[in-house]
Amino acid sequence: MLNRFCKKPLYEVTRTLAKVATGAEKAELVIRNAKLVNVCTAEIQEGMDVAVSEGRIALVGNAAHCIGENTKVIDAKGQYIAPGFMDAHIHVESAMVTVSEYARAVVPHGTTGIFMDPHEICNVCGKDGVRFMIEDAKGARLKAMSNAPSCVPAVAGFEDTGSSIDSEDIREMMSWEGIMGLGEMMSFPSVVNADERIHAELAETLKSDNIITGHYSVPETGPGLNAYIASGVRCCHESTRAEDLLEKMRRGMYALMRYGSAWHDMPVIIRAILDNHIDDRFACLISDDTHPDTLIQDGHLDHILRCAIKEGLDPIKAIQYVTINPATCFRMDHEMGSIAPGKCADIVFFRDLQDIRITRTIIDGDVVAEEGRMTVDIKKQEFPAFVRNTMHVGEEITAASFSIAAPAKWSESGAEKEENSGRIRTRVIEIIPNKVGNYERFLDLPVKNGFVEADPEQDVMKMAVFERHHETGTKGAGFVKGFGFRKGAMAQTVSHDAHNLLVAGTNDEDMALAANTLIACGGGMCAVQDGKVLALVPLPVAGLMSDKPVEEVAEQIRMLDDGWKKMGCSINSPYMTMALIPLACLPEIRLTNRGLVDCRSFSFTELFPG
């Protein structure tokens, strides 16, 4: 695969690199006296030099003969150097900033490349949204390699999105500069059941000689998993059990271990490797979704590396999981992922192998960050109108918009019939903190004057999803358990993957205020209590991303987190857990703008059973 993400292609500079390696021509940059983390052989080599020209590595070893009067020399002074870190699966939109701001946050932490799946903005703005992300990345000084979104909508027929993607769109996008493969194939039932429409998308990707990235979220490792992999899917980040990870690797699938702001699967699933002592060439560490406050406070892949090492993973292996392994997964290991002659000069420096803290980042031979700060400017993109004007809700939202009438026939338990009150058995979504899955529960909820209400005593909130792209006026209603709200409401347009307007709360008035606050500001997230807005994160770019600096967005997220806590919620990254409630490709039960979806049978289900 031709690499379009380095300063110059290898075929243009082979003569120069050969001359520099022999000393006939002097290097532009030489790194001296480093401890090289050699990911090719899984060893540490002491006292190593690296010579660089034309953005690529010419020599690894003793580079004294490569130094001339114009050569920039960096004395590593015994620091470790490793290949630049690469995230094999990331949704930049989840950081709530654009690619250029995302780069400013992660590059100082050693991230030099990402394989992004911009299906969030694609669900809102279609292919033009994907182009916007690719264009924004060009000035970011980060190798933002993109996959073409595959499942838009995520599960056809169960939600309404701002756009849709089919095989003809995939054929077109595969020809775009910057596209590396197909984004996560979430409609795994369609793959397994040989759906013609979905397999046409796979075919267009394979015909273009690109790779297919996966999303196989069910605990089934027999015929279904085999069918999924046999269809060309190369990697998967949805393992939540160690046995799932192990079986995927045994079948030749790259297993991407997720550790983001909300999803902490890695400590559980890494046991498949640590306990079985298997060859781990198919293992990668990824973030999937990381919030701006996490990036500012903890870091990116460097943070995930530290967490994996604390779990008992050998540090050199951990570094392989974010360098040569993802490069090989995307068939880019001939260009990236190792410090070796001919490869792109993407290099990070750090002092402690057990506690990796990046001190310098080099991309294509240029020092781009030192001691936690960018040392080069990042070009910011203008925001076109089509990514700014995306709130098109088809109805005026009032407190009455959240009324849920009890069915005509329902059993009363100690009810006062004349007031049409009592309790009713209701299907409720229960979240699992730090996990993408949820549980279907059946609880008795209060009925007052013929309407079913939230029940804070049982930790149950009312919830609604409004279509916000085409003014259809469609709305789904339900109940959710597990957030700990005692009072108040929240709303967000970050609601995967259709990103409709999601509202939850303990009372209808606060829910209406939360919803209308976001409609007024172009989308985002907010918390409301007792008729007052406690916190607001405006996300005017597609209702997903801010046009502000990442530090400012991180502070807004901190205030939002404080607001949630004031309302009673104490779970980690609650807004991310809330955002997955409408995602109808994850078990067990979800709520979209069309209603409750049973994600085990992929069918609509009733709010009130029986």
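This is a predicted model: local features need pLDDT of at least 70, side-chain atom pairs count only at pLDDT 80 or more; totals for chains, interfaces and linings use all residues.
Residues are numbered from 1 along each chain as its sequence is written, and side-chain values use heavy atoms, without hydrogens and water. Local features need pLDDT of at least 70 and side-chain atom pairs pLDDT 80 or more, while totals for chains, interfaces and linings use all residues.

**Exercise 1.** Determine whether Asn38 is buried or exposed, and which side chain it joins in a polar contact.

Step 1. Asn38 belongs to strand β1, residues 29-38; a strand is a DSSP run of E with at least two residues, numbered from the N terminus.

Step 2. Its relative accessibility is 13%, so Asn38 is buried (under 20% relative accessible area, with a 1.4 Å probe and protein chains only).

Step 3. The side chains of Asn38 and Gln45 form a polar contact of 2.9 Å (a pair of N or O atoms within 3.5 Å, one able to donate a hydrogen and the other to accept it).

**Exercise 2.** Locate Asp160 and find the partner of its side chain.

Step 1. Asp160 sits in the loop between β8 (143-148) and α5 (167-173).

Step 2. Asp160 has a relative accessible area of 18% and is therefore buried.

Step 3. The side chain of Asp160 makes a polar contact of 2.9 Å with that of Arg594.

**Exercise 3.** State how the lining of the largest cavity divides by residue class.

Step 1. Among the 20 lining residues, Glu238, Asp288, Asp289, Leu580 and Leu583 are the closest to the centre of the largest cavity (on a 1 Å grid over the protein atoms alone, a cavity is a set of points where a 1.4 Å probe fits but cannot get out; lining residues have an atom within 4 Å of a point).

Step 2. The lining comprises seven nonpolar, six polar and seven charged residues (Ala, Val, Leu, Ile, Met, Phe, Trp, Tyr, Cys and Pro count as nonpolar, Asp, Glu, Lys and Arg as charged, the others, Gly among them, as polar).

Methods: Helices (H or I, at least four residues) and strands (E, at least two) are DSSP runs, numbered from the N terminus. Buried means under 20% relative accessible area, exposed over 50%, partly exposed in between (1.4 Å probe, protein chains only). On a 1 Å grid over the protein atoms alone, a cavity is a set of points where a 1.4 Å probe fits but cannot get out, and a pocket is an open set with protein on both sides within 12 Å along at least five of seven lines; lining residues have an atom within 4 Å of a point.
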